[in-house]
Structures are given as structure tokens and as C-alpha cells.
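These are my notebook entries on one protein model.

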Amino acid sequence: MRIIKVKNYEEMSRKAANIIAAEISLNPRTVLGLATGSTPIGTYERLVELCNTGDIDFSQVTTINLDEYYGLEPTHEQSYRYFMDKHLLKKININLENTHVPNGKAPDIEAECKRYDDLIQKAGGIDLQLLGIGHNGHIGFNEPSDEFIMDTHCVTLKESTINANSRFFNNIDEVPKKALTMGIKPIMQARRVLLIASGDDKKEILKKALSGPVTPSVPASILQLHKDLIVVTPLDI
């Protein structure tokens with residue numbers, strides 16, 4: 001584990017974007033695992049800038065997102081496909097056919113989960129996985145549980161997650177109660193994991209994740225076992 005302490009959110013975003021840019025420079029065919037939520041928005045803004053200046057070429061990159069809300073159309077303003085298109089994918093020179101988000105409207109959810117795991121395998125696994133961390137320690141939508149769930153699955157979201165995400169919706173009743181999420185296995189099999197976290201409300205859970213017991217009650221704690229984990233944060237942990 002390597003922890004990079006930065007001054008603030010802006011420096012965290014720049015540092016994370018530079019790490020991603022270096023990965024793509026070394027391997028133009030990088031398979032990049034992506035996250036959503038408010039934390040990576042600054043990183044995506046910086047990646048767009050680097051693409052526009054010609055410092056990154058995304059033309060051969062494949063992206064695989066962690067998760068998607070169950071029941072939302074890709075065109076819904078709160079879907080993660082919409083989020084990724086808005087903040088990154090439609091602003092860079094990437095082939096959109098090589099960008100992947102679980103289909104939250106798939107008629108057969110179990111088949112969709114299997115399709116997503118097969119897609120990750122066919123891509124050769126993830127080279128660099130970008131992660132945030134939820135207030136309850138979730139990564140992707142792998143919520144606190146009695147066990148680590150290995151494969152892509154449909155999860156019932158915890159009340160704390162629904163409450164945290166309600167700020168993006170008109171009211172809490174609009175927040176989907178389920179989501180499709182990449183499981184722990186492909187995250188841990190990623191060749192490198194880049195975890196970013198900011199905000200004082202994330203300080204205690206980040207400490208638990210990085211220095212507490214490895215337990216499915218704090219899903220991010222599994223990252224302690226990853227062979228190449230980089231944490232970029234302005235938080236004192």
C-alpha cells in the first residue's frame with residue numbers, strides 16, 4: 001500500500017488523473033475501471049483537460065464501470081451511464097463501444113451479471129481500477145455484509161447509502177433501492193487499484209478500511225490485501 005498525502009481535493013484530483021495518464025501512456029490499450037459519485041468528478045475534469053491538450057490518447061482504451069442502479073434507463077439523468085457520458089466519456093477521444101456500464105434495465109439480471117463478468121474476463125481483466133469509498137465502507141456497491149461477494153451481483157442498498165445518494169435526486173423516494181455492482185474478485189484482480197477519498201466525513205471509514213480488521217462489514221478493508229494499492233487523499237489517516 002502506498003498512501004499519497006495531498007493538500008486538498010484539487011490536488012488529489014490532479015494526482016489521480018496523472019497516475020491514470022501515466023498508466024495509459026505506458027499501455028495505450030489500458031483497461032480502465034471507473035467509479036462514479038462526487039469524488040472522482042475532479043479527476044475526470046482533469047483527464048478531459050489532458051486529452052484536449054493531447055497529453056492522453058484514449059482511442060485504444062477500454063473502460064469498465066463498477067456499477068449501475070437497477071431499473072434506470074441509461075438515458076436517465078441519475079444513471080451511471082449518463083454520469084460517465086456527461087463527465088468523461090463524451091468529452092474524450094474514446095470509442096464509446098469500448099465503454100461498459102452494467103445494464104440496469106436488463107430483463108434477466110442474473111444473465112446480465114454473468115455477461116458483465118465474462119466481459120471483464122474477455123478484456124483480460126482490469127489494469128487500473130479507480131475507486132472511491134462510501135460512508136459505510138462500500139466499494140462499488142459492495143455493501144457491508146456477512147461475506148465478501150466475489151462476482152457481479154444485484155444488491156439491495158443499505159439505508160445509509162440511499163440517504164447519501166438522495167442528494168442527487170429530487171427526493172429520497174426516487175433513489176433506486178437496488179443496484180448491479182462488480183464483485184470483489186475483479187476489483188482485487190485488477191493489476192493496480194487507485195483509491196481516492198476526501199471530506200472529513202470519510203476520515204474515520206478510511207482509517208477503518210486501511211488499518212482496521214479485514215472484514216466484509218467494511219468492504220473496502222479487503223484492499224489491504226491488494227498487491228498494488230495507491231491511496232490519494234488530503235485526509236490525515
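I began with contact, which means heavy atoms within 4.5 Å. The model is predicted, so I noted that local features need pLDDT of at least 70 and side-chain atom pairs pLDDT 80 or more, whereas totals for chains, interfaces and linings use all residues. Residues are numbered from 1 along each chain as its sequence is written, and side-chain values use heavy atoms, without hydrogens and water.

**Entry 1: leucine 194 and the cores**

I asked which residues leucine 194 is in contact with, leaving aside neighbours within four places in sequence. I found Ala16, Ile19, Ile20, Leu128, Gln129, Leu130, Leu131, Ile230 and Val232.

I then looked up the nonpolar core, a set of buried Ala, Val, Leu, Ile, Met, Phe, Trp, Tyr and Cys residues joined through side-chain atoms within 4.5 Å. Buried means under 20% relative accessible area, exposed over 50%, and partly exposed in between, with a 1.4 Å probe and protein chains only. The largest nonpolar core has 41 residues, and Ile20, Tyr44, Leu47, Phe58, Leu88, Leu194 and Val232 touch the most other members. Its largest share, seven residues, comes from α1. I read helices as DSSP runs of H or I with at least four residues and strands as runs of E with at least two, numbered from the N terminus. Another core, of 30 residues, lies apart from it and includes Ile139 and Val193.

**Entry 2: serine 221**

Where does serine 221 lie? I located serine 221 in the loop between α7 (203–211) and β10 (229–233). Serine 221 counts as buried because its relative accessibility is 0%. The side chain of serine 221 reaches the backbone nitrogen of threonine 215 at 2.8 Å and the backbone oxygen of valine 218 at 2.6 Å. Not counting residues up to four places away in sequence, serine 221 touches Phe148, Ala209, Pro213, Val214 and Thr215.

**Entry 3: the largest pocket**

I took a pocket as an open set of points on a 1 Å grid over the protein atoms alone, with protein on both sides within 12 Å along at least five of seven lines; lining residues have an atom within 4 Å of a point. Volume is the space filled by probe spheres set on the points, which are joined across faces, edges and corners; the probe is 1.4 Å.

The largest pocket has a volume of about 710 Å³. Of its 39 lining residues, Thr36, Gly37, Ser38, Arg167 and Phe168 lie nearest its centre. I noted that α3 gives the most to this lining, with five residues.

Technical notes:
Polar contact = N/O pair within 3.5 Å; in protein donor to acceptor, adjacent residues only side chain to side chain.
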